[in-house]
Amino acid sequence: MTTTATIGTTIASDGFALDPADREMILEERGHYPYPQAACIEALKIVQKRHGHVPDGAIPAIAETLGIRVADVEGVATFYSLIFRQPVGRHVILICDSSSCFLTDYEELRDAFTEHLGIQMGQTTADGRFTLLPVCCLGACDRGPTILIGEDLHGPVTPGEIPRLLEAYA
Amino acid sequence: MSRILQSAGERRAETHPLTWRLHDDQSPVLLEEYLDTQGYAAVTKALEQHTYESLTEEVKSANLRGRGGAGFSAGFKWSLTMKGEGVPRGYIVCNADEMEPGTFKDRLLMEQQPHLLIEGMILAGIANRAKQGYIFLRGEYHLAAAAIQRALADARADGWLGADVRGSGWDFDIALHTGAGRYICGEETALINSLEGKRANPRAKPPFPGQSGAWGLPTVVNNVETLCNVPGIVNHGADWFQALSGDLSSDGGTKLYGVSGKVNNPGLWELPMGTTGNRILELAGGMRDGLTLKSWLPGGGSTGFLLPEHLELALDFDTIGKTGSRMGTGLLTVVADNQSMVSLTRNLEEFFSRESCGWCTPCRDGLPWSVKLLRALEAGEGEAGDIELLEQMARDLGPGKTFCAHAPGAAMPLASAIHYFRDEFERGITRPKGEAHADPIPVGSV
Ligand SMILES: Cc1cc2nc3c(=O)[nH]c(=O)nc-3n(C[C@H](O)[C@H](O)[C@H](O)COP(=O)(O)O)c2cc1C
Ligand code: SF4
Ligand code: FES
C-alpha cells in the first residue's frame, strides 16, 4: 500500500495509480481556471470516465496532482450526485423523477424498470450491466417520462418498450 | 435531441429574435450560417458604437428581465457591477444549469443556436468589462456540450473570442464548465462555489457577485435565455424590444413558453411576453384523453399552483406575481382532474428535500419532515393537525428564514396546494391528533 502525504493529512491511496493520460488531462484542465481547486470536479469526472466510478484511492491522487488538500477533494467528491463513489454498472440509467414526469406516469415507469431488472433504485444488476438512479428534471418534460442512459436521452418511454430499448446497451 | 420548437405562425428576425434561425431538423446553426444571418453584428456594433456604460443603458431601458426565474432587470444588474479604471476585470457566468422541474427551454437554445448565447455573453462581457466568460452547463446536457464546444472553437478561430477581438484591442474568452449534478448549483452563489471547484453551498449576500463573485472578482450571472436576448436588443434597440410585447406586458421582448403534462401537444413556443395561459394551452392542444385541467404551475416546481381561472392572466413577472405565485421560468406544468394534489406535492417536496444543500435547519430538516407528513396524508393515515403543521412549515421555509431561495421555492407549491385544494389534503386525515399509530410511516429515502 502506498501513501500520499499532503498538507497535514496522510491518506492511503489503496494502491490506486492515476493513469498518466488522465493525469495529463487533469493538468490541462487546471490551466482553464485561475486556481487549481476549480479543476477538481473535472478531475473526478476524468477518473470516473476511466473507472466507471471514483475509487477512494483516486482522492489523494487527484489532490496531489492539483496541489490541493485531500479533504477538499473528498468534500467535493461526496457532494455531487453524478460522481459515483461505488462501482456502477456499465450503463447508468438515470430516471427523471421530477414533477412533469411524475405527472406523465414516472412511477409506473420506475416500477417497470425495477421489476424488469430485478433491482431497486440505487442498485446495480448482478451482471454489472445496469445501475438505476433517479435524476432531476432532464429538461425534456414535453417528452415525459424521460430517462438518460449514458449520453442518450429517451422519452416518452412506456413500460412495454423497456426490453427493446435496453437491447442497445450490451 | 430535443423536441422541435413549434411555430405559432412564421418566425422572423423582427418578431422571433430567439428562434427565427432554427432549423426544422433541429441541427445546430453553425458559424457560417450564423454570420450570414446578422450573426455577431451586435458585437461589431457594440465594439464600434458603444461604451460599456451606453451598452448597459440600452439593455436597462429595454427592460430585459432575467429569464432564470427571478425576473431581475439584466441591465440594472449590470449597472451595479463593480467596474471601471483600476477595478480588476471579472467574469460573466452563464447559468446553464437548467434543472427546475418542468423547464426545458435553455437546452433547446444551446443545442440548436449556441452562437446566439456566445454573442450574448460577449456583449455582456463588454458591458461589464469582464475578462472571461464561463458557461456553467449541467453535466447531463451532452448534446448541448458538444454544440457549445464546437461553436466556441469556431468563434475563436474567426476572431470573435480571444485576444484582440476582431482587431478591437479588447480581449475576452469563454470556457465551458460542465457540472456533476445537484439542483442547488443553479442558485447563483452556489454556482460560483461550484465553478471554483467547491461544494455547492450558497454564499451569504452581500457582497453580491457583482462586487465579489468568482475568485473574489466582480461576476455577473445570467440565465441562458436572458443572454440570448441581448444581441437583438443591441441590433434593433430598446424600443423595438419593448414593442415586441406590445400592450400585453410592460416587460419587453418575447418569451420561450412551454407546456408539459397530459396535454395533446406538449412543446415550446416563442411568443410575446405577456401571452395568456389560455393561448399557450391552446397551442398545446388542450388536455388529452378527455381530461380536465385542475391546476397548473406557471414556471417550474418552485412556483405556486394556480387555478384554471388564472389562465386568462398575462404570463409575465408582475401579473403572475400578484396572484401570490411567480412566473418563474414560464414553462407551464398542467395537472389533470384525476391527478392527486397531495401526491404531486409530495413528489415536489421529495425533490426539494433531496436537493437541499443541507446548510440551514428549516430546509435540511423541515423538508424531510414535510415529506413524511405528506406521505401519511397520501396514504390516508394523516392525523388531525397535520395540515396546520404543513402550513406552519411553509411559513418557516419562506423568504428571509434561510440562506438561499431554495426553501422559499419549496414552500410555494406546498402552501398554494393546501390553499387551493385543502379538501384533498383533508381527505388524508383519518386519525385524531396524538393517537399513536400502529404502523409508523418511515421517513423514507429522502
Ligand atoms: C435553488 C435555485 C436554483 C436555481 N436554478 C437556476 C437555474 O438552473 N438556471 C437559472 O438560470 N437560474 C437558476 N436560479 C436563479 C439564479 O439564482 C439567478 O437568479 C439567475 O441565474 C440569474 O439570471 P437571470 O437574472 O438572467 O435570470 C436558481 C435559483 C435557486 C434559488
Ligand atoms: S435554503 Fe436549503 S438549499 Fe438554500 S442554503 Fe439553506 S439548506 Fe442550502
Ligand atoms: S420533469 Fe422529467 S424531464 Fe422535466
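Colleague: Which residues in α17(B) meet C363(B), L367(B) and L374(B) of α15(B)?
Modeller: Before we dig in, this is a predicted model, where local features need pLDDT of at least 70, side-chain atom pairs count only at pLDDT 80 or more, and totals for chains, interfaces and linings use all residues. Residues are numbered from 1 along each chain as its sequence is written, chains are lettered from A and ligands numbered from 1 in written order, and side-chain values use heavy atoms, without hydrogens or water. Contact means heavy atoms within 4.5 Å, and helices (H or I, at least four residues) and strands (E, at least two) are DSSP runs numbered from the N terminus. On that basis, the α17(B) side of the contact has H406(B), A407(B), A410(B) and L414(B).

Colleague: By class, how many nonpolar residues does that contact of α15(B) with α17(B) have?
Modeller: Ala, Val, Leu, Ile, Met, Phe, Trp, Tyr, Cys and Pro count as nonpolar, Asp, Glu, Lys and Arg as charged, and the others, Gly among them, as polar. The contact has no charged residues and one polar residue, and its nonpolar count is six.

Colleague: Are α15(B) and α17(B) roughly parallel or roughly perpendicular?
Modeller: Their axes (lines fitted to C-alpha atoms over the stretch in contact, with angles from 0 to 180 degrees between N-to-C directions) are 11 Å apart, at an angle of about 20 degrees. Angles under 35 degrees count as roughly parallel, over 145 as roughly antiparallel, 65 to 115 as roughly perpendicular and the rest as oblique. So α15(B) and α17(B) are roughly parallel.

Colleague: And in chain A, how are α2(A) and α4(A) set, roughly parallel or roughly perpendicular?
Modeller: Helix α2(A) covers residues 40-51, and its axis is 10 Å from that of α4(A), at an angle of about 70 degrees. That makes the arrangement of α2(A) and α4(A) roughly perpendicular.

Colleague: Which residues of α4(A) do C40(A), I41(A) and L44(A) meet?
Modeller: Those three sit in α2(A). Their partners in α4(A) are V73(A), V76(A) and A77(A).

Colleague: How many salt bridges cross the interface of chain B and chain A?
Modeller: The contact takes 56 residues from chain B and 42 residues from chain A. A salt bridge here is a side-chain nitrogen of Lys or Arg within 4 Å of a carboxyl oxygen of Asp or Glu, and R354(B) with D97(A) meets that rule at 2.6 Å, N to O. Over all chains the count is 40, while across this interface the rule finds three.

Colleague: How many residues apart in sequence are the parts tied together by E74(A) and R85(A)?
Modeller: The two side chains meet in a salt bridge, 3.3 Å from N to O. E74(A) lies in helix α4 (residues 70-77) and R85(A) in the loop between α4 and β3 (91-96), so the separation in sequence of the parts they tie together is eleven residues.

Colleague: Where in chain A is P145(A)?
Modeller: The peptide bond from G144(A) to P145(A) is cis, with omega near 0 degrees. Most peptide bonds are trans. P145(A) lies in the loop between β4 (130-135) and β5 (147-149).

Colleague: Which loop holds P156(A)?
Modeller: A cis peptide bond joins G155(A) to P156(A), with omega about -10 degrees. P156(A) is in the chain A loop between β6 (152-154) and α7 (162-167).

Colleague: What is the phi of Y40(B) near?
Modeller: Y40(B) lies in the loop between α1 (31-36) and α2 (41-49) of chain B. This residue other than glycine has a positive phi, near 65 degrees.
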